[in-house]
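Please keep the sequence and the model in view while going through the numbered points.

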Amino acid sequence: MKLTFKEKAAYGLGAVGKDMVYMLSASYVLYYFQDILGVSAIAMGIILLIARVFDAFNDPLMGIVVAKTKTKWGKFRPWLLIGTLTNAVILILMFAAPPSLDGKGMVAYAAVTYILWGVTYTMMDIPYWSMIPAFTEGGKEREGLSALARSCAGVGSALIQVFTVMVVALLGSFFAGKTSGNITNTFTSDSVEMTAYVIELDKDGNPTSNVSEYTGDMQKVNVEITGKSKVFENTLYFTESNTNCELTVDGNKPESSKVEFVMDSMDAGKAVLAVYVDSDSYAKVTADSSPLDVSLKMTSNVEVERLGFKYFTIIIAALFVLFTIITCVCIKEKSSVDMETASVKQMFKALLQNDQAMTIVITIVLINTALYITTNLLIYFFKYDLAGSNWQGNYTLFNTFAGGMQILAMMLMFPLLRKFFTTLKIFYICVGSAIGGYVVLLVMALAGTKSVLPFFVPGFFIMSAVGVLNVIVTVFLANTVDYGELKNKRRDESVIFSMQTFVVKLASGIAALIASLCLTFFNIQKDSTVEATYEVIINKIADLRNNVVATIDTSAVMGLRMVMTLAPVIVLIVALFIFKARYILTDEKLAEITAELKKEKEA
């Protein structure tokens, strides 16, 4: 009996919730602990990779547990529900780290919660994907269910990519206003030796070489900074990227602006204030010969982002649980596949004997590594390189487009291409498209493109290809179950699909380590890509005056761009060569396998 619309919809809804949770962790856990809570990037990279090595042993064991499970509710649904509930709790704990922890304590907290998150995610992800072969006998229905699930998973991922940054800011601003313990420090040109600069911004929000300097009696500056005591420790560095700002210059609010305020310490006795304003505001300020009058109120949004992630995660976790419950209630395991369970040694042997499963496993690792390298570094690219006063808006705009392309590719492009090409040809087309997109992205980045709209072009080619590839590799993996049954005389779908869970997480771990090495090596650090001190800001403004315009250090810019683009290209080329050399399951070969299995069952 074919699956009903209700069952397909319920199964797809489970994928939406599952990948919302996964993308939140994969794309933002590094940013959360490194940029918001101050854990070193390299420490986070090591933690994420160690967690994936741990999964190498945990995931196959979970596959065995699922294979041995027999309940009146089925083999898969009990673990799907248990895993979802526990994973939702751990996810909330992970993004609700106590800010009072010191450096070592925060590293330990990140390590424990992230490893536990991986374990509990495995508990629900393996049974979810293992249900595909159990639902279908093969052929078009299996392919359609795989495509549906991957499309819905893409929707979940896209929702996180599109809404996270903006919703975190909204929730954080709301709840930060309700918390106590904030203190306010005031710095004025009368109490502190102040140097103030007004810098003109171009139409894209980037600084120009037009700089006006104000010292002594030629300035009347009042800066109020509100935040937790921690933000006033060591060097004080506040910008529009780590604070919410209310700025008036000569009694007017600039149409567009950003600021930098730096003191080497609370008792340093001198400070520098850089005010970046639009061209009209700059012209008005510099035309006035009276002292510069600046009023600036800054509220640290490190607390805003911390609280925003906490409450956003609670919402996502609640949706995750709700969607999984719907899946478990509506889905019935129609075909109870009798699997001969085996020891761990036998399971690993069976996996090694299924050369096609291993080929797809390696391919999935490489494709997802390429994607996650980009997604991990994308927020830093927008924040520190593309920059501009509206980097959050540009980041959200780009992710909206990219996520939309990924969803449309899975839902519309894959079925359309399938009418004209085999899955193998579609695979090669998509890998080529992704590589081409990355090359275009590299050329644009090296050319110094600052507007977000041109980046839609490589975004289209990359994300459309990734969307279709996510569907195809799942279809390929499901096909290897039949191949393994014919070759090894045992149907090991739980073990094989447990490898999908492991390899996707392994890819995110490898990508996170590469991203953290990039952030560390090129000194792209928390809240700034340089050590923000009085002298550094003075030197940066001197560079602006000399028409040396860069939002971060030149070598850091180049390193970020090269890692974000060339690394994925190299990884995809390796994936292409491995797949082409080893994968043999063409449509004709699959038809032969299906006929052989049918003949054996009838015998």
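1. Is the crossing of H1 and H7 left-handed or right-handed? The crossing of these two helices is left-handed. Please bear in mind throughout that the model under review is predicted.

2. Two packed helices are described by the angle between their axes and by the distance between the axes. Helix H1 covers residues 5-36 and helix H7 covers residues 302-330. Their axes lie 8 Å apart, and the packing angle is about 160 degrees. H1 is therefore roughly antiparallel to H7, because angles over 145 degrees count as roughly antiparallel. Sorted by class, the contact of H1 with H7 has 20 nonpolar, four polar and five charged residues.

3. The axes of H1 and H9 come within 10 Å and cross at roughly 45 degrees. This angle makes H1 oblique to H9. H1 passes H9 in a right-handed crossing, whereas the crossing of H1 and H7 is left-handed.

4. Tyrosine 22 is found in helix H1. Is tyrosine 22 buried or exposed? Its relative accessibility is 5%, so tyrosine 22 counts as buried; the limit for this class is under 20%. Tyrosine 22 and tyrosine 121 are separated by 99 residues in sequence, while their C-alpha atoms are 8.3 Å apart in space.

5. The largest nonpolar core has 145 residues. Which residues have the most contacts inside it? They are Tyr11, Phe33, Trp117, Leu377 and Phe382. Helix H9, residues 355-386, gives the most to this core, contributing 18 residues. There is also a second, separate core of 28 residues, which includes Tyr214, Val277, Leu292 and Met298.

6. We turn now to the sheets. Strands of a sheet pair through backbone hydrogen bonds, either parallel or antiparallel.

7. Strand E7 (residues 257-263) is joined to E5 by four bridges, and the two strands run antiparallel. In this pairing, tyrosine 237 has valine 262 of E7 as its bridge partner. E7 also pairs with strand E8 (residues 270-277) in the antiparallel sense, over six bridges. Here phenylalanine 261 stands opposite leucine 273 in E8.

8. Asparagine 210 and serine 279 are 69 residues apart in sequence, and 9.6 Å separates their C-alpha atoms in space.

9. A further open sheet has four strands in the order E1-E4-E9-E6, again with mixed pairing. Which strands stand at its edges? They are strand E1 (183-188) and strand E6 (243-249); each has a single partner strand, so one side of each is left without a neighbour in the sheet. From one strand to the next, the twist averages 10 degrees. E6 pairs with strand E9 (residues 292-300) in the antiparallel sense over seven bridges, and threonine 248 stands opposite serine 295 in E9.

10. The last point concerns a loop residue. Where is aspartate 250 found? It lies in the loop between E6 and E7. Aspartate 250 has a positive phi of about 55 degrees although it is not a glycine. Its relative accessible area is 24%, and aspartate 250 is therefore partly exposed.

Key
Residues are numbered from 1 along each chain as its sequence is written. This is a predicted model: local features need pLDDT of at least 70, side-chain atom pairs count only at pLDDT 80 or more; totals for chains, interfaces and linings use all residues. Side-chain values use heavy atoms; hydrogens and water are left out. Axes are lines fitted to C-alpha atoms, for helices over the stretch in contact, and angles run from 0 to 180 degrees between N-to-C directions. Angles under 35 degrees count as roughly parallel, over 145 as roughly antiparallel, 65 to 115 as roughly perpendicular and the rest as oblique. A crossing is left-handed if the near helix is turned anticlockwise from the far one by less than a right angle, and right-handed if clockwise. Ala, Val, Leu, Ile, Met, Phe, Trp, Tyr, Cys and Pro count as nonpolar, Asp, Glu, Lys and Arg as charged, and the others, Gly among them, as polar. Two strands pair if DSSP finds at least two bridges between them. A nonpolar core is a set of buried Ala, Val, Leu, Ile, Met, Phe, Trp, Tyr and Cys residues joined through side-chain atoms within 4.5 Å. Buried means under 20% relative accessible area, exposed over 50%, partly exposed in between (1.4 Å probe, protein chains only).
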